[in-house]
Amino acid sequence: MEDILLNVRGLRAGIDDKEILRGIDLTVRPGEVHAIMGPNGSGKSTLSGVLAGDPRFTVTGGEATLSGVNLLDLSPEDRSHEGLFLSFQYPVEIPGVSMVNFMRAAVNAKRKYLHQDPLSASEFLKMMRQKRAIVELDNKLASRSVNEGFSGGEKKRNEIFQMAVLEPKLAILDETDSGLDIDALRIVAGGVNKLKTERNATIVITHYQRLLDYIRPDFVHILYKGRIVHSGGPELALELEERGYDWIKDTVDSKD
Amino acid sequence: MDSLTQYIRLYDEHAATICAHAPEALNRLRPHALARLAAARFPRKGDKSYPAISIDEMFAPDFGVNINRMAMPVDMTATMHCGVPNISTLLGVVVGDTFRPSASLERNMPEGVTFCSLARAAETHPEIIEKYYGRLASGRNAAADLNTLLAQDGVFIHIAAGTAVDRPLQLINIFNPTAPVMATRRVLVVMEQGADARALVCDHTQERNVPCLSNQVIEIFVGENARFDWYDLEESSDDTARVSQLFVDQQAHSRFSLNGTTLMAGRTRNNYFIDHSGPSCSTRLTGMAIGMADQVVDNFTCVGHHFPESTSEQIFKYILDDQSQGSFYGTVIVDEAARFTDARQTNRNILASADARMYTRPRLEINCDEVKCSHGATVGQLDANALFYMRSRGIPEAEAKMMLMQAFMSDVIDTVEIDALRTRLHQLVERRLSGEAARCADCKI
Ligand SMILES: Nc1ncnc2c1ncn2[C@@H]1O[C@H](COP(=O)(O)OP(=O)(O)OP(=O)(O)O)[C@@H](O)[C@H]1O
Ligand SMILES: [Mg+2]
């Protein structure tokens, strides 16, 4: 058990009366990369949202721990402090809140949680500079409001920049590749790889093999109708690319 | 008994004393005001354009009125901390309803600037007082007429033609009541042709838990090509009620801008009446209010476009928490003659609690085809997606909410053109939103 980073057992969740996740099991160990694939609407973003503590969802059963800490009992902010990071499929624009203030609040909140002193202004700026370089984020974006007026690709780059700043134990990247041009994809994936260590882990949610050429998964899972219906190695992604989801759907639906 | 009656009786009994302690120019208008008040009553909650507040109730307590002009005790050193860092101002203080110049005011008074009590101005500028005093406010409503009936002194600002004043004029209104008191506050501003100045005003109440009421009338004349900015910040107390009415007359090519901020108050009603007396005027009214506990903040605006090619813009924003209530009734009138008017009005509100209430109503009366007019009002909550996004980055909920509220107000604050004041307003709003009393950093008031 000790070297399990994320442990999800029988997780059920939904919105209002609608059940979306219908019993998810997932084990992620340090150093691993997991890919989650699956048709539109199968529950991938819901799973990320539930793990990150999105209050729109109600958990109706099961459990989820991060390094043995019960995630489901924690506020979203404490889940972040404990080392969980979600790169949003649709990053949110926050007019009037500058990127700088946003990141300073995030960094210092985590430091406070860890009983560390806040960073000085110069330390903070230095850190911002270093982390920006990892994903080659344009300096002028940093002085704007959070995600406001960012292009689709800039928003995704900004997500990975935030990940670089927060240095999570477990990062969930929800379709971080969508909206990226070919060069940006390489840069962003390169950034994710640079942040990878033996002690952290990544879950990438994607529809395309393309991203997995850069971020090589150890495991590939297929999520369908709120369940992980099939798991395998990297070759599973290639197979999906070739055959689509119909064979999976057929197998699952015939069992239902 | 109607609460107005007690003040009329007070006047009837003490007219001689009231007049003895006031200049003739003010006394002259009293009989007219009295005649009008005989048939008047204060608006009550539920009356037209009074959805949230009852003026009648605000005047109902048995307030003392300082008709003998006794000096009110006040900690003057405390007021000195009330400055905005990094700007030096020409400072005057109104204690209760009495103007007191700061020690340095005389010395620093620039050429072409007069900033003194109305009583003094009645001696130094009798023809100006004669010409302008009461011209905009008389007969407008019961509270304005009551002000004229009882006002014994006030503040006078005169900027001579073509004079641009670099240093802002600053006026600090203070209550330090030992017993319930009503202050009749009166301000007359005359900006001659081409004059350019700005005024910072703040309202404070030093003693908490003693009810007080300020009934304020401000008359502002902005001459041709002149420019005047009025920044008004109220941070009084739960027990302070305020009825403040600003009447503005703008001549051709003039510019008037208002920022009215209510950070802390008991009950507040602000009326803003702006009329254009010539073409190509520009008017900007911005305001923000933060309501908590059972505070009530009520802003009413009326901008009258009577001449061509003028613009007006109104932006008012409220954040209401707890059981607080807010109201914004904004009126734009465009006369048939006011061709090429460009008038915009926005009112956005956040209800931070389920018990808070907001009343909003834009009213456009457009009697001319060739105009651009727009208005919009929204009442909502903080953006839940933004809140979760911030929390997912580790920002605690309370802090995230604060940042979002601050962001919500930022476009109003950013209209403030004095850098140091803008920074100060950001800080004050932040302090207020974080639940602290929004006092200036080291202010003892
Ligand atoms: N806020 C919501 N209200 C109602 N239904 C929702 C909500 N969010 C998600 N759902 C539903 O839950 C199901 C799963 O959605 P989810 O976004 O998790 O899918 P996904 O696998 O991420 O899809 P995609 O590949 O298109 O991103 C869908 O049927 C969706 O319509
Ligand atoms: Mg999704």
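Q: What makes the approach of T46(A) to ligand 1 a polar contact?
A: In this predicted model, a polar side-chain atom of T46(A) lies 2.5 Å from an oxygen atom of ligand 1. A polar contact requires a pair of N or O atoms within 3.5 Å, so the T46(A) pair qualifies.

Q: Which distances place K44(A) and E175(A) under that heading?
A: For K44(A), the separation between a polar side-chain atom and an oxygen atom of ligand 1 is 2.8 Å. For E175(A), an N or O atom of the side chain is 3.4 Å from an oxygen atom of ligand 1. Both values are within 3.5 Å, and therefore both pairs are polar contacts.

Q: How much of the accessible area of ligand 1 does the protein cover?
A: On its own, ligand 1 has 640 Å² of accessible area, and the protein covers 67% of that area.

Q: Which elements give two or more residues to the shell around ligand 1, and which gives the most?
A: β2 (18-28) and α1 of chain A each give two or more. The most comes from α1(A), with three residues. The shell has 15 residues, and the closest are G41(A), K44(A), S45(A), T46(A) and H207(A). By class, eight residues of the shell are polar, four are charged and three are nonpolar.

Q: Why is Q89(A) called buried, while S45(A) is called partly exposed?
A: Q89(A) has a relative accessible area of 16%, which is under 20%, and therefore Q89(A) counts as buried. S45(A) has a relative accessible area of 32%. This value falls between 20% and 50%, so S45(A) is partly exposed.

Q: How do you know that α1(A) is mostly covered?
A: Eight of the nine residues of α1(A) are buried. Among them are K44(A), T46(A), L47(A) and S48(A). Just after the helix, G53(A) takes a positive phi of about 95 degrees.

Q: Why is D73(A) called exposed?
A: The relative accessible area of D73(A) is 63%, which is over 50%, so D73(A) is exposed. D73(A) sits in the loop between β5 (69-70) and α2 (76-81) of chain A.

Q: What joins the side chains of D73(A) and N70(A)?
A: A polar contact of 3.2 Å joins them.

Q: Why is E370(B) called partly exposed?
A: E370(B) has a relative accessible area of 38%, between the limits of 20% and 50%, and is therefore partly exposed. Its place is in the loop between β19 (357-366) and β20 (372-380) of chain B.

Q: What separates E370(B) from A33(B), in sequence and in space?
A: The two are 337 residues apart in sequence and 39 Å apart in space, C-alpha to C-alpha.

Technical notes:
Residues numbered from 1 in each chain as written. Chains lettered and ligands numbered in written order. Predicted model: local features only at pLDDT ≥ 70, side-chain atom pairs only at ≥ 80, totals over all residues. Heavy atoms only, no water. Buried < 20%, exposed > 50% of the residue type's maximum accessible area, 1.4 Å probe, protein only. Near = heavy atom within 4 Å. Polar contact = N/O pair within 3.5 Å; in protein donor to acceptor, adjacent residues only side chain to side chain. Areas by Shrake-Rupley, 256 points an atom, 1.4 Å probe, with all protein chains shown as cover. Helix = DSSP H or I, 4+ residues; strand = E, 2+ residues; numbered from the N terminus. Nonpolar A, V, L, I, M, F, W, Y, C, P; charged D, E, K, R; others polar.
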